[in-house]
Amino acid sequence: MTVSTAPEPDLSTWPTGRLLAVAARLVEQRWVAVLAGLDLTHAGLIALHTLRGGPLPQRTLAQRCQVTDQTMSRTLDRLAKAGFVTRTPDPADARRHVTRMTASGRAVLDRAVRAEREDPALLGGLGDDDAFRARLLSLIDGLSAGD
């Protein structure tokens, strides 16, 4: 096996956009591992987050999560198997299903939110999470304004 002897890149010389991309990829990899430990996926987390306000018809849930009905169906199958949601026929229209978060779903959502905000494995030595989030939102708003 050949070991590379190339010097490590000097990241301080990289463009800001590239640094953001690298940081996002590293956080994403860690976040996927944390979610897997909770028996969740990104899609499942978004669905639970959306259901925190109360039960929703599956189609409405898909629309709010900005995914297709088929994608939401697969996501809900996985969440139901884990015991995080239940799906029952809609009393107003038996062709539709209403999705409800279970107590286990609320508990895992709470754990995921806490991990996102407090787990040093996710954001390392980031520091003030609220200030960082505010700056990210400002950056996103500023970049979206040009659309």
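## How strands and helices are named

Two strands count as a pair if DSSP finds at least two bridges between them. Strands (E, at least two residues) and helices (H or I, at least four) are DSSP runs, numbered from the N terminus. This is a predicted model, in which local features need pLDDT of at least 70, side-chain atom pairs count only at pLDDT 80 or more, and totals for chains, interfaces and linings use all residues. Residues are numbered from 1 along each chain as its sequence is written, and side-chain values use heavy atoms, with hydrogens and water left out.

## The sheet

Three strands make an open sheet in the order β1-β3-β2, and their pairing is antiparallel. β1 (56-57) and β2 (85-90) are the edge strands, each pairing on one side only. Helix α2 (residues 42-51) packs on this sheet and touches β1, β2 and β3. The direction of α2 makes about 95° with that of β3. Such angles run from 0 to 180 degrees between N-to-C directions; the axes are lines fitted to C-alpha atoms, for helices over the stretch in contact.

How many bridges join β1 to β3? There are two, and β3 covers residues 93-101. Leu56 has Thr99 as its bridge partner in β3. Pro57 has Val98. β2 and β3 form a hairpin, with two residues between them. In a regular strand, side chains alternate between the two faces of the sheet.

## Helix α1 and what follows

Helix α1 has 22 residues. Its expected span is 1.5 Å times one less than that number of residues. This gives 32 Å, and the end C-alpha atoms are 32 Å apart, so the two values agree. Which residues of α1 are buried? They are Val22, Trp31, Val34 and Leu35. Buried means under 20% relative accessible area, exposed means over 50%, and partly exposed lies in between (1.4 Å probe, protein chains only). An α-helix has 3.6 residues a turn, so residues three or four places apart point the same way.

Just after α1, Asp39 takes a positive phi of about 65°.

## Salt bridges

Side chains of opposite charge can pair when their charged atoms come close. Here a salt bridge is a side-chain nitrogen of Lys or Arg within 4 Å of a carboxyl oxygen of Asp or Glu. By this rule the model has five salt bridges.

One of them joins Asp39 to Arg78, with the closest N and O atoms 3.8 Å apart. This pair links distant parts of the chain, 39 residues apart. Asp39 sits in the loop between α1 (16-37) and α2, while Arg78 belongs to helix α4 (residues 69-82). Asp39 is partly exposed, at 38% relative accessibility. Arg78 is partly exposed too, at 43%.

Asp90 pairs with Arg96, and their closest N and O atoms are 2.4 Å apart. Asp90 is buried because its relative accessible area is 8%. Arg96 is partly exposed at 39%. Arg95 forms a salt bridge with Asp93, at 3.0 Å between the closest N and O atoms. Is Arg95 buried or exposed? Arg95 is exposed, because its relative accessible area is 74%.

Thr102 lies in the loop between β3 and α5 (103-118). Thr102 counts as buried because its relative accessible area is 19%. Leaving aside neighbours within four places in sequence, Thr102 is in contact with Gly83, Phe84, Val85 and Thr86. Contact means heavy atoms within 4.5 Å.
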